[in-house]
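Please look over the aromatic side chains in this model. My notes follow as numbered points.

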Amino acid sequence: MKKNTIVGILLLSLLLITGLSGIVTAITAEEIINYRDKNEYIISARIEAEMIIVNGGRKMTKTLRSLSDDQNALTEFTNPRDRGTKFLKRGEDLWMFFPEAEDVVKISGHMLNQSMMGSDFSYQDMMESDQLTELYQFKILQEEELDGRLCYVLEGIAREGKEVSYYRRVIWVDQERFVGLKEELYARSGRLLKVSMVNKIEQIDQRWIPIESVMENKLRENTRTEFKLLSIEFNPEIAEGVFTLESLQS
Amino acid sequence: MFIAKLGFRNVFRHKKRTLITAIIISLAILIYLVTDSIMIGIAELSYQNIINLETGHLQVMTEQYWEEKDKNPLDQLLVKDGQLAEEIKALANLQGMSPLLRFNANLNNGVEELPVLGLGIEPNTYHQVFTTGDYFVKGSFFKAGEEKAVLGQSLAELMDLKVGDYLTLLVRSRERTFNTIDVEISGLISTPNPNVNNNIVFVPLDLAQQSLNLGDEVSQLVIRFRGDQGEMPTAARQLTEKVAKINPDLRAYPWQASAQSILAMMEASQIENIIILGIIILIAAVGIINTTILSAIERTEEIGMMKALGLKEGEIILAFMIEALGIGVIGSLIGCFLGGVSVAFFNRFGIALSAFGMGEIDIGIPIIDKIYGGWNPGAFLFIALFGVVVAVLASILPARWAAGKDPVKAIYHR
């Protein structure tokens with residue numbers, strides 16, 4: 001009897017352990033993305049950042065500050081060479097202001113595919129602000145260690161009828177901190193187009209935020225763009241009229 | 001009769017002066033004729049290059065696509081179904097018809113990226129409409145279904161590509177999703193149209209449709225007729241009536257509709273011609289006025305004598321006008337002769353654009369290398385008459401001044 005009880009307790013424990021572990025692993029791909037978005041998806045912020053563009057042997061450093069809300073963003077470059085160059089995103093539209101020409105240009109159509117300021121980011125990359133789960137059907141591919149951190153490897157395939165730039169994306173999400181550590185972006189043909197890697201993460205206002213990341217355009221050799229977040233302020237006060245063409249030209 | 005004789009004799013009294021004035025007039029006429037010939041040559045060559053390498057004679061597409069065509073959209077396309085093809089094949093004098101799919105792409109060589117126009121073509125029918133195949137520098141066109149591409153030699157040099165190399169076209173499908181077309185270069189072309197050489201990458205239509213997720217849709221059907229292309233606007237109207245019955249959005253557009261910038265340039269050249277005419281008036285008038293005044297001063301005593309003998313002022317003016325007419329005729333004839341020789345030279349041997357310092361740069365016209373002058377007999381006739389009339393009119397005022405002199409003072413030269 002006593003022996004049976006022990007066996008029973010052992011069996012129950014085993015069931016509980018396997019059951020619990022089942023609950024733990026039963027987290028869905030969508031939940032992982034949502035957890036990640038809670039960390040990384042910024043609705044409104046004021047940031048200062050540095051962009052280091054490496055192309056072959058050339059290296060260019062650009063600094064910028066940006067103000068954004070849920071629909072709009074105004075970015076101004078502050079390094080001497082590009083000082084005064086500004087981008088304004090309003091909903092689905094993007095404008096650029098060149099201080100030398102004192103001219104505003106709307107960036108649309110095929111121009112959105114071009115490189116932004118010579119970096120590995122396209123203008124289109126700047127425009128993407130929708131939450132990923134609305135655009136992609138995610139599934140967990142595997143669990144894998146990346147730079148010593150255990151990650152979920154997720155695959156997102158574009159949902160039918162949704163307009164997305166990249167047909168497939170594979171994302172490595174830190175299992176503990178739910179922050180994306182690596183992302184691969186693929187064309188419909190299966191060709192790898194871009195890879196972004198996060199090199200440094202910091203906890204700011206109880207959110208894990210990527211501080212330093214690198215984007216590589218895989219269609220071009222020897223090119224990468226490092227992005228360093230120098231400061232960030234969440235939910236700043238935004239004066240009226242900031243996201244207007246007038247303020248772009250001022 | 002006496003006045004006419006007197007006038008003509010005066011023409012040859014000072015042969016050197018007459019010749020110099022006539023040469024001044026003839027140079028002005030020469031400039032006009034050469035400019036006119038070169039403008040005609042530019043227009044003719046531009047039209048040929050547009051028809052042979054870009055538009056064919058007629059283009060069938062949806063009205064909505066036409067309005068947006070500069071953006072190369074992937075919506076508002078058309079499907080070449082049986083009925084539409086039959087309707088076009090039934091056209092009189094048809095040489096060929098071919099579908100085209102135009103799309104924006106980034107040409108990537110693994111190091112650099114450049115925005116280009118991707119052109120999906122059907123190799124079997126493309127050569128029936130366009131002469132692009134005549135301009136291969138190396139290699140040849142691909143076959144349908146092959147993963148190959150053709151591009152201009154200048155574009156290939158810019159991107160450091162050669163035949164046998166692979167290139168990637170980064171495109172966006174209608175759903176705005178990135179896709180890549182990886183192709184081997186099967187040939188390089190160097191056409192007389194810089195737009196084609198510098199901006200276009202040709203790929204098989206089926207490959208482009210598949211990569212852009214477009215099924216059987218194409219941007220347009222291009223049509224070429226045998227022989228003369230003069231009446232295209234009428235042919236376009238007639239074809240529009242037919243194709244609109246199949247699909248109310250479809251329209252046929254003549255090549256002229258795609259050559260608006262060149263046509264506008266030709267209109268601008270008319271203004272240029274008017275300016276040159278103005279200069280000719282000025283040059284001829286100055287020459288004639290100068291000659292007439294000199295003659296009058298020289299012949300003051302003679303004029304006085306003629307008036308004393310009973311010649312009327314009008315008759316003296318007429319004598320000077322006839323003298324100017326003679327100079328005008330000589331100037332016009334020399335000018336037309338020199339113009340004819342120059343135009344014949346430009347027509348036969350052409351003139352390199354580099355002579356104007358614009359051999360390698362895009363000057364907004366679909367021509368590179370050489371311009372050949374065109375013949376315009378009407379211009380010769382017009383400018384010859386114009387030269388004579390200006391000479392005659394310019395002589396009136398100084399002749400009146402000479403004829404108005406008092407005969408007694410004139411004889412004593414006071």
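1. Ring pairs join B:Tyr126, B:Phe130, B:Phe136, B:Phe141, B:Phe142 and B:Phe202 into a cluster. Rings of Phe, Tyr and Trp (its six-membered ring) pair if their centres lie within 6.5 Å; planes under 30 degrees apart are stacked, over 60 edge-to-face, and the rest tilted.

2. This is a predicted model: local features need pLDDT of at least 70, side-chain atom pairs count only at pLDDT 80 or more, and totals for chains, interfaces and linings use all residues. Residues are numbered from 1 along each chain as its sequence is written, chains are lettered from A and ligands numbered from 1 in the order in which they are written, and side-chain values use heavy atoms, without hydrogens and water.

3. Over all chains, the structure holds 20 aromatic pairs. In one of them, A:Tyr136 and A:Phe138, the planes meet at 45 degrees with the centres 6.0 Å apart, so the pair is tilted. A:Tyr136 is buried at 1% relative accessibility. A:Phe138 is buried at 8%. Buried means under 20% relative accessible area, exposed over 50%, partly exposed in between (1.4 Å probe, protein chains only).

4. B:Phe345 and B:Phe346 make an edge-to-face pair, 5.8 Å centre to centre and 70 degrees between the planes. B:Phe345 is partly exposed at 44% relative accessibility, whereas B:Phe346 is buried at 15%.

5. Two charges deserve a look. The charged end of B:Lys69 sits over the ring of B:Trp66, 3.9 Å from the ring centre. The charged end of A:Arg177 sits over the A:Trp208 ring, 4.9 Å from its centre. The criterion: NZ of Lys or CZ of Arg within 6 Å of the ring centre and within 35 degrees of the ring normal.
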